[in-house]
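Trainee: Could we go through this model together? I'd like to start with a turn and then move to the sheet and the cores.

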Amino acid sequence: MHLGLLVLLLFLTKSCWCAPQKSCQSEDELLGRCSNNLYEEKPTCTELNLGYCNDMEYSRTIFPNILGHRSRLEAESGAEYLLLSVIHGLLNGECSPEIRLVGCSVLASPCKDDKMIKPCRSTCEALRKDCSHAFEAIEMAWPYFLDCDRFFAGDQEGCFDPLAGLKTRQEQEMSSLSPEEPSTIIQFTYTSNAQMYSLLKKTAAKCSHISHVYSIGRSTEGRDLMVIEFTNNPGQHELLEPEIKLVGNMHGNEVLGRQLLIYLAQYLCSEYMLENQRIQTIINTTRIHILASMNPDGYELAASEGHLLNGWTNGRTNAQNIDLNRNFPDLTSILYRNRRSRHYRIDHIPIPDAYWFGKVAPETYAVMKWIRSLPFVQSASLHGGELVISYPFDLSRDPIEERMFSPTPDEQVFKQIARIYADTHATMSDNDTERCGASFYRTRGIINGAQWYSFAGGMSDFNYLHTNCLEITVELGCDKFPSEAELYPEWKRNKEALLSFLESVHRGIKGVVKDVDGNGIKGATISVRGIRKDVTTAEDGDY
């Protein structure tokens, strides 16, 4: 950000335009010895030789340019050109190369017959609409030299579109894809927080009839905890339509899950529009909520170090140095203390008052409110560091024994859900003893959380004991921050598993509890013989 501030300072100091100082006396001007008209020479076309603009679709430009620079050297020494040279880094690659190409069309407009052709105002306005949020994310004003009204021309004035060539190349690349290749085009690169928000908003706008974005709160440093929802009636719970959530990046340096969920959102939108029957069935019968990054502050730190430099823990916690997966109410210990009581209920255990006297992260609080506000049935939290599915309980039932099998009353259901993801993943359940996750090959890629290692305050145990939601933890691989080259292979390994997990929410029994007048009853209890955990009905009586 220091570079951004430097550019902004230069930008502000250069943006004050002053009249040129006149040093020629009137009598000297009359005698022809000098001139106060600095632009008396007729502008002529010249070769375009401006380093960052040499890939424009034309080869000749003209000086003075729109901004009043009288020569190439003057243009290159201006703050505008300096900004174009660093804009890719400042915006973390977002809106690149579009910003640079449009900026170059102002600094070095095309020339024909010794006349300047201005860039189109419509192109500038579309760019500002798409990219202004990227500048807002780094607290920087929209560049003054991209003032659409001041420096651009209307279509009727004979303007040119500086992005026409780029658009043509993109269309050619898409049309060159063979029918065997996937129709959905996803860019498998890492995304900054600003890029993530932009992609999710664009995806929701593209599929507004089945999707919308909403915020469940803000991180410690004020970043949005943005969720994208997919259903055939966005924003509404429909009777008997199960609700499922996917959460990524709880630990900021475990980044693969975040990327997979961003790709999944794009895939669901695109394939629905392409009339993929499987995707349409999933979305038309399910309400899907995707929180790609629960810890955007931690990601910011991890991403600043990058794939090669990021250690095992840098960025894991939030900006308060709180491990979010140890910050939820420890309801499991309360269960263990009371489990011998014959009438003690283990479902919907209330949050103890003492919890609020501790340090509750804003991210944890936001997710708790979210979990309590919607009737989630099933959930997955995506992590990294191993290749295995773990499921509750995560806290050992023995305070001394760290690795003890500690099942919930729904052990068989949890194993079935975990098995669905592991078996449809490309390698998670195979018996290769040399692979990542090989220590779990005997259980074919799944394990009870406490049997693996015990900890309190986890999100999965909280989901189970405080609500109806069954949550598994998906460890996606041994590398917490894989190289960018691994993103597409990892998408291929996990895509079918993610889709199968979404479909699995429809297994089991569903129904509605009504009163004698046919009205749904909220909070009614449904019990299953042999399972000591009840389910309660949602607002309209469905479960």
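Trainee: Which residue takes a positive phi in the hairpin of strand 13 and strand 14?

Mentor: Keep in mind that this is a predicted model, where local features need pLDDT of at least 70, side-chain atom pairs count only at pLDDT 80 or more, and totals for chains, interfaces and linings use all residues. Residues are numbered from 1 along each chain as its sequence is written, and side-chain values use heavy atoms, leaving out hydrogens and water. Strands 13 (525-528) and 14 (531-536) pair in the antiparallel sense over three bridges; strands are DSSP E runs of at least two residues, numbered from the N terminus, and pairing takes at least two DSSP bridges. The hairpin has two residues between the strands, and the one with a positive phi, near 95°, is G530.

Trainee: And what is the order of the open sheet of eight strands?

Mentor: Its pairing is mixed. The edge strands, each pairing on one side only, are strand 5 (211-218) and strand 11 (446-448). The order reads 5-6-8-7-9-12-10-11.

Trainee: How many bridges join strand 9 to strand 12?

Mentor: Strand 9 covers residues 376-383 and strand 12 covers 470-477. S379 stands opposite E471 in strand 12. The two strands run parallel, and the bridges joining them number six.

Trainee: Which residues have the most contacts inside the largest nonpolar core?

Mentor: A nonpolar core is a set of buried (under 20% relative accessible area, 1.4 Å probe, protein chains only) Ala, Val, Leu, Ile, Met, Phe, Trp, Tyr and Cys residues joined through side-chain atoms within 4.5 Å. The largest has 93 residues, and those with the most contacts inside it are F230, I290 and W370.

Note on methods:
Helix = DSSP H or I, 4+ residues; strand = E, 2+ residues; numbered from the N terminus. Buried < 20%, exposed > 50% of the residue type's maximum accessible area, 1.4 Å probe, protein only.
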